Amino acid sequence: MMEPANDTIISVRGLVTQLGGRLIHDHVDLDVRRGEVIAIVGGSGSGKSVLLRTIIGLLTPHDGHIEVFGENAAGLDSGGLRRLQRRWGVLFQDGALYSSQTVAENIQVPLREYAKLPQQLMDEIAGVKLHMVGLSEDAGSKYPSELSGGMRKRAGLARALVLDPEIVFLDEPTAGLDPIAANAFDMLIRNLQQSLGLTVFMVTHDLDTLRSIADRVAVLVNKTLKVGTIEEVMRDNDPWIQEYFSGPRGRAAMKVSDGNQS
Ligand SMILES: Nc1ncnc2c1ncn2[C@@H]1O[C@H](COP(=O)(O)OP(=O)(O)OP(=O)(O)O)[C@@H](O)[C@H]1O
């Protein structure tokens, strides 16, 4: 399949989204490059998760054009859509594990949906993926309620990785984790991205995550996106952006050299 020469893996053009009669995105443009970690930030309710869900085809845009791997999901039949969907993995906000299934069974859900494999092979794959996300194989036989929040996120990530995707979509991966667990999760994402050559599309509120692993940032303000490196975006005059990066938390995370901010 032909992909854009500049290695754009996701292309959004003129996206307009409306929900419940409310305009959420007003002609949003975005290019995500293969192999980068891009972080989507913005105020609560600004439409970050809706953007993610629209890109992966769970919501239909009101107007505009979205291509992933050079293909427009809206123009595909169900077989084409499945082939597209199996090339990415998604970690939803709360991990979204099925509580009545063990962790291993949860990890195997996409395998059951997209591949027909013997159970023993699926068990082996689940074991490998648990190992990749830093969980022991014993975690596979546990139920989600028996795991800590950080372990549930890792299990959700293992499920997102089970089909060896090229892109992972992460919706607030560090929300609800203590700072140490959040930092460990950031490092895990960075390591996996580098070792597997993944592209990471991440919605986050976490300034430390931004600083430590995002190659570029896309800020959703006034229903549209401002995209660039952190340094580029920080120079924007928009009041929300200024408050976000230059308020006390922003200064601490960005370690702006204006004294010993803590
Ligand atoms: N299925 C839906 N139907 C109607 N409105 C929706 C739907 N999903 C989201 N919304 C609304 O769209 C807006 C954007 O929601 P979204 O979840 O994308 O925000 P967000 O930027 O991810 O916020 P947060 O940081 O608080 O998670 C909100 O006002 C939300 O209430």
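## Strands and bridges

Two strands pair if DSSP finds at least two bridges between them. Helices (H or I, at least four residues) and strands (E, at least two) are DSSP runs, numbered from the N terminus. With that in hand, look at strand 7, where methionine 202 is the bridge partner of alanine 39.

Before going on, here is some background. This is a predicted model, in which local features need pLDDT of at least 70 and side-chain atom pairs count only at pLDDT 80 or more, while totals for chains, interfaces and linings use all residues. Residues are numbered from 1 along each chain as its sequence is written.

## The chain as a whole

The protein chain has 10 helices and nine strands. Its radius of gyration, taken over C-alpha atoms, is 19 Å. Along the principal axes, the C-alpha atoms of the protein chain fill a box of roughly 55 × 50 × 40 Å.

How many of the 262 residues count as buried? The share is 35%. A residue is buried if 20 or more other C-beta atoms lie within 10 Å of its own, exposed if 12 or fewer, and partly exposed in between, with C-beta atoms placed from the backbone. Two residues are in contact if their C-beta atoms, placed from the backbone, lie within 7 Å. Among contacts between residues at least 6 apart in sequence, 66% join residues at least 24 apart.

Angles run from 0 to 180 degrees between N-to-C directions, and the axes are lines fitted to C-alpha atoms, for helices over the stretch in contact.

Strand 5 runs parallel to strand 6 (residues 167-171), and four bridges join them. Leucine 91 has leucine 170 as its bridge partner in strand 6.

Is strand 3 (residues 37-42) mostly covered or uncovered? It is mostly covered, as five of its six residues are buried. Strand 3 pairs with strand 7 (residues 199-203) in the parallel sense over four bridges. Strand 3 also runs parallel to strand 8 (residues 216-221), joined by five bridges. In strand 8, arginine 216 is the bridge partner of isoleucine 38.

Another open sheet has three strands in the order 2-1-4, with antiparallel pairing. Here strand 2 (22-33) and strand 4 (63-68) are at the edges, and each has a single partner strand, so one side of each is left without a neighbour in the sheet. On average, neighbouring strands of this sheet are turned by 15 degrees against each other, direction ignored.

Nine bridges link strand 1 (residues 8-19) with strand 2 in the antiparallel sense. Within strand 2, aspartate 26 stands opposite valine 16. Helix 1 lies across strand 1, strand 2 and strand 4, and runs at about 120 degrees to strand 1.

## Around the ligand

A residue is near a molecule if its C-beta atom, placed from the backbone, lies within 6 Å of it. The residues around the ligand include Leu19, Gly42, Lys48 and Val50. Which helix gives the most to this shell? Helix 1 (residues 48-55) does, with three residues. The shell holds three nonpolar, seven polar and one charged residue. Ala, Val, Leu, Ile, Met, Phe, Trp, Tyr, Cys and Pro count as nonpolar, Asp, Glu, Lys and Arg as charged, and the others, Gly among them, as polar.

Lysine 48 belongs to helix 1. Lysine 48 counts as buried, with 24 C-beta neighbours inside 10 Å. Leaving out residues up to four places away in sequence, lysine 48 touches Ile40, Gly42, Val203 and Leu220. Lysine 48 and glutamate 172 are 124 residues apart in sequence, and 9.8 Å apart in space from C-alpha to C-alpha.

## Two positive phi angles

Most residues other than glycine have a negative phi. Aspartate 164 has a positive phi of about 50 degrees, and lies in the loop between helix 5 (149-161) and strand 6. Aspartate 164 is exposed, with 12 other C-beta atoms within 10 Å.

For lysine 223, phi is also positive, near 70 degrees. Lysine 223 sits in the loop between strand 8 and strand 9, and counts as partly exposed with 17 C-beta neighbours inside 10 Å.

Note on methods:
The radius of gyration is taken over C-alpha atoms; the globule rule is 2.2 Å times the number of residues to the power 0.38.
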